[in-house]
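I opened this notebook to keep track of what I looked up, one entry at a time. The questions are about how the parts of the assembly meet.

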Amino acid sequence: MTLRHFLNTNDWSRAELDALLEQAADFKRSRLGRQMAGKSIALLFFNPSMRTRTSFELGAFQLGGHAVVLEPGKAAWPIEFEPGAIMEGDTEEHIAEVARVLSRYVDLIGVRAFPKFQQWETDRQDKVLKAFAQYSSVPVINLETITHPCQELAHILALQEHFGALQRKKYVLTWTYHPKPLNTAVANSALLIATRFGMDVTLLCPTPEYTLDPRYMQLAQQNAAENGGSLQVSHDVEASYSGADIVYAKSWGALPYFGRWEQEKPIREAHRHFMVDEAKMALTNNGVFSHCLPLRRNVKATDAVMDSPACIAVDEAENRLHVQKAIMAALLGQR
Amino acid sequence: MTLRHFLNTNDWSRAELDALLEQAADFKRSRLGRQMAGKSIALLFFNPSMRTRTSFELGAFQLGGHAVVLEPGKAAWPIEFEPGAIMEGDTEEHIAEVARVLSRYVDLIGVRAFPKFQQWETDRQDKVLKAFAQYSSVPVINLETITHPCQELAHILALQEHFGALQRKKYVLTWTYHPKPLNTAVANSALLIATRFGMDVTLLCPTPEYTLDPRYMQLAQQNAAENGGSLQVSHDVEASYSGADIVYAKSWGALPYFGRWEQEKPIREAHRHFMVDEAKMALTNNGVFSHCLPLRRNVKATDAVMDSPACIAVDEAENRLHVQKAIMAALLGQR
Amino acid sequence: MTLRHFLNTNDWSRAELDALLEQAADFKRSRLGRQMAGKSIALLFFNPSMRTRTSFELGAFQLGGHAVVLEPGKAAWPIEFEPGAIMEGDTEEHIAEVARVLSRYVDLIGVRAFPKFQQWETDRQDKVLKAFAQYSSVPVINLETITHPCQELAHILALQEHFGALQRKKYVLTWTYHPKPLNTAVANSALLIATRFGMDVTLLCPTPEYTLDPRYMQLAQQNAAENGGSLQVSHDVEASYSGADIVYAKSWGALPYFGRWEQEKPIREAHRHFMVDEAKMALTNNGVFSHCLPLRRNVKATDAVMDSPACIAVDEAENRLHVQKAIMAALLGQR
């Protein structure tokens with residue numbers, strides 16, 4: 001039997017995702033359970049976290065389990081990921097040992113590892129996550145690498161709470177400005193999950209250079225075809241917002257400029273007007289707005305949008321707790 | 001119904017404080033309970049902590065709950081507190097989202113946020129704590145900002161254990177030297193709580209410039225008037241110690257020099273002799289000595305004083321655990 | 001009654017160590033217990049940790065207890081260890097208060113404090129650990145200082161799992177190259193415990209300068225005499241490996257060069273060939289290989305050795321969990 005991980009939603013069938021969402025809704029109604037009684041999860045954070053850490057730690061507790069939070073390179077030893085490496089540099093131990101040892105201690109392993117932002121060709125291989133999955137003998141959960149599948153489920157649950165069925169809803173993923181060239185993970189994830197649930201998806205971004213990696217564009221295209229929705233790319237703000245049911249915002253750096261960010265900066269700066277504001281939201285079909293958080297107010301979205309009833313970002317954040325409990329329970333074979 | 005926080009002891013009636021102290025004494029006799037079964041608290045540390053973190057984390061555990069420890073700006077995202085801020089600087093998310101999201105995850109939020117020591121006019125507004133209280137939909141607990149109300153209760157409990165009733169006890173809060181200009185929080189708190197319990201309080205400090213913020217001087221004056229005690233300021237070491245029942249020491253920077261600490265330094269240096277030593281303690285009425293800890297030995301108090309039976313600082317530190325469990329239980333409506 | 005600590009295995013009788021190992025084997029068969037129900041341990045890390053932290057934290061949880069992880073100098077206040085110090089430097093509180101206060105909060109205290117690598121005469125006094133043991137009123141556990149007794153028991157348990165009785169097994173502790181001059185703790189510990197269990201022990205190292213501190217050489221010699229084994233030092237790789245049952249590897253800096261590491265570096269560099277490889281392992285009596293981890297692959301041992309069935313390093317690491325639970329239970333008077 002192959003070990004089941006939660007690395008990407010596309011590895012899970014729609015029926016399985018629906019079951020996770022149903023279990024998550026159950027956990028939202030009734031928080032406490034024994035699905036992790038005496039069990040544990042190691043949470044490895046190579047990057048900062050507030051929601052992910054809090055929600056996983058509490059999720060484990062509420063199900064009778066325990067989460068151990070590790071920060072490799074800070075309070076824990078730096079890890080080597082290259083197979084066959086002659087380890088004379090900064091890394092003190094190899095993922096082979098880290099994953100094998102952790103697998104003896106805990107029942108689940110969660111990994112957050114953002115790209116290094118030097119070489120997209122390297123980062124897109126998702127080596128850290130894949131190495132954990134390869135060497136672990138317990139299920140591994142993606143806590144955000146180059147996709148963010150836990151966020152995807154939380155997002156969908158929040159949308160289902162608002163709309164019920166999501167089929168053919170008009171969904172806009174809009175790029176927004178941010179002073180730094182951020183990770184594409186949540187953008188990739190938004191395309192994957194919105195197309196998976198049969199929505200009509202528009203990727204709104206400043207220029208063709210902000211289109212996402214072909215791997216995710218193609219997967220999303222395929223998802224759309226299989227699930228009765230559609231995918232298009234647009235650079236027209238007004239057309240994209242018009243009639244939208246859902247506006248999801250995220251900032252990211254343009255992939256062709258990866259590692260040469262100084263050259264991308266002027267393009268980003270020239271598109272500050274992509275900020276989500278009331279005027280744009282007024283073009284929608286009484287649409288909802290969401291974001292994965294953290295969000296820079298008055299840079300990515302205005303205070304007015306964030307504080308409006310249309311903003312369901314806090315619901316989405318809350319749902320992280322519930323969907324992650326469902327994921328952990330499922331991976332442990334518990335319901 | 002207004003949400004009840006624990007931001008300052010002056011927001012709680014004397015009867016309520018007495019009930020907290022009674023519950024704390026109960027918890028001291030019998031450590032384990034179920035008052036937080038399945039519940040949780042987020043502890044946000046903007047500054048270091050040993051006692052506070054340990055005692056809250058254990059307190060939650062001993063009552064069946066769980067504490068999540070977050071360090072914004074280190075392992076978690078840096079937070080913006082200004083309303084309406086255009087967030088183009090270092091902060092990645094706004095307190096509005098942080099507090100709202102945490103309120104969905106946990107049942108209580110604790111916040112430690114020391115002053116920034118640049119501008120007292122800014123720091124005295126206690127913006128971080130107030131912002132949490134404003135945006136949270138769960139009770140917020142002050143883990144030390146510009147006051148330290150948990151310490152106040154632990155202090156009073158230790159004094160009650162020693163003296164029984166505290167009314168009209170002679171209480172000296174003495175400034176002591178420290179190489180850095182420290183926070184006035186514990187000093188403010190000492191004045192507030194000692195006057196609240198009807199003691200005759202002397203604030204002993206090097207010069208009038210070391211008097212505390214008028215807000216706390218006035219509140220303490222008012223507390224004294226209402227509770228049958230008194231408040232005076234003195235710069236005379238011998239007179240202050242003479243006949244004292246309680247000596248409480250704390251170092252702090254003089255407010256008129258706030259942000260211009262180099263100019264305050266020579267005054268501080270000139271008053272190293274304020275260190276609590278056996279000669280001074282011999283002037284007291286067989287008095288006890290305490291301190292909130294951490295304490296620099298042989299700078300703030302001598303080894304002889306710290307290791308003497310008169311020193312009840314460790315009892316006070318222990319009581320942090322018990323009073324904080326009482327506070328958490330009370331805020332959750334549990335007894 | 002003297003307070004019992006777990007500072008070094010040589011403070012515990014062989015019968016006591018055997019009882020700990022038996023209890024550990026029980027915990028390995030059946031993970032959950034109530035030996036720490038409502039109890040707690042403070043884990044103080046002055047240095048990084050992955051296995052130690054995870055295994056103690058989970059061990060406490062699996063026995064119904066709770067571990068608080070503290071990092072003095074980072075998230076907690078820096079601590080002074082000198083008796084009588086006039087604390088005008090960087091340290092904010094004295095071990096006297098830290099240990100006394102923690103003893104009020106928790107039932108056990110674990111301490112990791114590596115040498116400072118400036119002066120071996122200072123480091124060999126193990127001041128931090130001894131100060132905790134001196135001032136604490138609860139049992140203290142050594143989480144690695146200049147010895148690593150928890151690792152010793154995990155190591156022995158893994159060897160017993162493989163061999164059964166260990167008496168007269170041929171045991172080689174081999175020095176290996178590492179870019180940095182590491183702590184001798186695990187090497188000291190390996191000598192102590194291997195001789196304690198009556199093995200024929202060879203310390204294989206590049207030159208006489210890599211011999212360990214006389215204190216540990218003498219204790220090991222004495223252990224060997226009392227337990228029917230032997231201890232010898234060798235610089236001959238082939239002779240040492242020939243017929244060995246157990247190869248245990250560790251890197252350390254030569255004590256005569258302590259604090260003058262630039263002068264030791266060329267000697268270390270000249271002995272990179274001490275790396276454990278298949279050719280060397282082929283000389284053994286079908287021997288097993290182990291290491292305390294973290295291990296730099298292809299520097300200390302080759303991939304081929306690490307990934308071979310002869311490598312029991314991961315078993316040893318797993319056993320940390322089980323032996324530490326046994327230690328905690330024993331110190332709490334629980335079985």
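Predicted model: local features only at pLDDT ≥ 70, side-chain atom pairs only at ≥ 80, totals over all residues.

The entries below go from the chain-to-chain interfaces to the domains within a chain and end with the salt bridges.

**Entry 1**

**Entry 2: chain C against chain B**

I began with the contact between chain C and chain B, where I found 34 residues of chain C touching 38 residues of chain B. Between them, chain C and chain B bury about 3,100 Å², and 56% of that area is on carbon and sulfur atoms. I then asked which three residues supply more than any other three of the area that chain C buries against chain B. They are Trp77(C), Arg104(C) and Tyr105(C), which supply 26% of it.

Sorted by class, the side of chain C that touches chain B has 16 nonpolar, nine polar and nine charged residues.

**Entry 3: how the copies are related**

What rotation superposes chain C on chain B? I recorded a rotation of 120 degrees, with 0.0 Å of shift along its axis and an RMSD of 0.0 Å. The two copies are therefore related as by a three-fold rotation axis.

**Entry 4: chain C against chain A**

I turned to the contact of chain C with chain A, which takes 38 residues from chain C and 34 residues from chain A. Chain C and chain A bury about 3,100 Å² between them, with 56% of it on carbon and sulfur atoms. The count between chain C and chain A is eight salt bridges, and I noted one in which the side chains of Glu88(A) and Arg272(C) meet at 2.2 Å, N to O. Residue pairs in polar contact between chain C and chain A, both at pLDDT 80 or more, number 19.

Which elements give two or more residues to the side of chain C that touches chain A? I found helix H2 (51-62), helix H12 (303-306) and helix H13 (313-331) of chain C, and H2(C) gives the most, with eight residues. By class, I recorded 16 nonpolar, six polar and 16 charged residues on the side of chain C that touches chain A.

**Entry 5: the two domains of chain A**

Within chain A, the domain assignment gives domain 1 (9-147 + 320-331) and domain 2 (151-316), and their C-alpha centres lie 25 Å apart. I found 28 residues of domain 1 of chain A in contact with 34 residues of domain 2 of chain A. The two domains of chain A bury about 2,600 Å² between them, 55% of it on carbon and sulfur atoms.

The count between domain 1 and domain 2 of chain A is two salt bridges, and I looked up the one where the side chains of Lys28(A) and Glu161(A) meet at 2.8 Å, N to O. Across the same interface there are 15 residue pairs in polar contact, both at pLDDT 80 or more. Helix H1 (14-29), helix H4 (120-123) and helix H13 (313-331) of chain A each supply at least two residues of the side of domain 1 that touches domain 2, and the largest share, eight residues, comes from H1(A). I noted that the residues of this side of domain 1 of chain A divide into 13 nonpolar, seven polar and eight charged.

**Entry 6: salt bridges overall**

Over all chains, I recorded a count of 75 salt bridges. One of them is formed by Arg31(A) with Glu318(A), whose closest N and O atoms are 3.8 Å apart. Arg31(A) lies in the loop between H1 and strand E1 (40-45) of chain A and Glu318(A) in helix H13 of chain A, so this pair ties together parts that are 287 residues apart in sequence.

Note on methods. Residues numbered from 1 in each chain as written. Chains lettered and ligands numbered in written order. Heavy atoms only, no water. Contact = heavy atoms within 4.5 Å. Buried area = accessible area lost by both parts, 1.4 Å probe. Nonpolar A, V, L, I, M, F, W, Y, C, P; charged D, E, K, R; others polar. Least-squares fit on C-alpha atoms with pLDDT ≥ 70 in both. Domains from an automatic or database assignment. Salt bridge = Lys/Arg side-chain N within 4 Å of Asp/Glu carboxyl O. Polar contact = N/O pair within 3.5 Å; in protein donor to acceptor, adjacent residues only side chain to side chain. Helix = DSSP H or I, 4+ residues; strand = E, 2+ residues; numbered from the N terminus.
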